[in-house]
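Biologist: Could you take me through this structure slowly, and tell me at each step what a term rests on?

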Amino acid sequence: MNKKLLQLFLLVTVFGFSQNSQLIPFVSSSKWGFSDKSGKVMIQPVYDSVGFFNTSSVGLKDLTFAYVYQNKKMGVIDLKNKILLPSTYQFVRNVNNTFHFIATNEQGKSGLVSADNQIVLPFEYDAIDDILNGSFILKKNNRIGLADAYGKIVIPVVYDQIVFVDEDKGTKKCRWRVNNEKITQYLFTAIYEDPNDEIMYSVDALESIETTVANYTSDENSKDFEEKIPIRYQSDLFLLKKKNLFGFSDVKEKIGFKPKFKQLEYFFNLNDFKKGRKHYLIIEENNKKGLVDGKGNVLLQAEYDNFEKKYHYLEVSKEFKKGVFFLSTNQIVFSDFNEIKTAIKLDDDFVVALVTNTEDNSYYYIGENGVIYKN
């Protein structure tokens, strides 16, 4: 894989996990490490590329790890930069809800390695894939077999096809149909009991959410507006007009603000679990755009050229420069980037954006708190 492509792959790939927010990838002089949310470096930038930290759970135990890329090879570290797997592999992938990693060595052979760098399955297979019942399909010399969750070979690697048929919880056996050019038969393996299935989770009762207090109400006799203009595709929302000024209201006139802007355009809304629906509207002055919320609070002054809604953020432009406006915090950040690649919500809802400067092909992250994770 091309080095630049793999670097970007590591930076944005979640590998099927919720990404841990304890540490954020931090770049300095084209080398990557990790900082806390405030930008304080916790793991020195020495890697060619890194992924976010992820957590895999087995029973009540957790393994928090990150993939790192160094000298064109992949490895795995923990939160204290302890090397779990050295950076000697072509590719590494954690098996979900285990402390095992499927890895490919320099010779292109695959094996199974534990988080303490112990070999569970030797590096002699053309490919290894995890499948149901905590099992692993093993491929070697155009033949396949099966290993159990602990790396024990339970079906030898001599078949052309292996198909899961069913399981019998009474006998605690799984049935597989196997065949090659000489034989077709059924083989049985033990049912894998996932320790995570035994954990009982409890959810605290949800706290009641107080209804947002209306900051503006009106009626036909109040003369707070002369005209109520329906908003296209929003049957319950209206712009209010009075003396060539505009305001905003819902159909019940429980939310919104009195007419006070010369130009007002409804932009979009988001559903917030805690605060209900959040509205965003565009104001305009002297051919420049600004942003207000559904209560009329000015979030961005009318000094921008354009807004473009993305997932978790707005892409804003001003005098040929691009910026990120985080919807979660109303923070706006400009730096030396000229392209925004993506936004990622971490496991505690903390949002980061991956940006790049295409002129020097550099990447770095920006947090919803306004921190730029680079030197």
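The conversation below sets several terms against their definitions.

Modeller: This is a predicted model, in which local features need pLDDT of at least 70 and side-chain atom pairs count only at pLDDT 80 or more, while totals for chains, interfaces and linings use all residues. Residues are numbered from 1 along each chain as its sequence is written, and side-chain values use heavy atoms, with hydrogens and water left out.

Biologist: Why is Tyr364 called buried?

Modeller: Buried means under 20% relative accessible area, exposed over 50%, and partly exposed in between, with a 1.4 Å probe and protein chains only. Tyr364 has a relative accessible area of 1%, so Tyr364 is buried.

Biologist: Which residues does Tyr364 touch, leaving out those up to four places away in sequence?

Modeller: Contact means heavy atoms within 4.5 Å, and the residues that Tyr364 touches include Val27, Trp32, Ser335, Phe337, Leu354 and Tyr373. Tyr364 itself lies in strand 34, where a strand is a DSSP run of E with at least two residues, numbered from the N terminus.

Biologist: What makes the link between the side chains of Tyr364 and Ser335 a polar contact?

Modeller: A polar contact is a pair of N or O atoms within 3.5 Å; within protein, one must be able to donate a hydrogen and the other to accept it, and residues adjacent in sequence count only if both atoms are side-chain atoms. The side chains of Tyr364 and Ser335 are joined at 3.0 Å, as a polar contact.

Biologist: How do you know that strand 30 and strand 31 pair?

Modeller: Two strands pair if DSSP finds at least two bridges between them, and strand 30 (residues 321–326) and strand 31 have 4 bridges in the antiparallel sense. Within this pairing, Gly323 stands opposite Phe334 of strand 31.

Biologist: What makes a group of residues a nonpolar core, and how many residues has the largest one?

Modeller: A nonpolar core is a set of buried Ala, Val, Leu, Ile, Met, Phe, Trp, Tyr and Cys residues joined through side-chain atoms within 4.5 Å. The largest has 35 residues, and Phe34, Ile77, Val324 and Tyr365 have the most contacts inside it. Strand 33 gives the largest share of this core, 5 residues.
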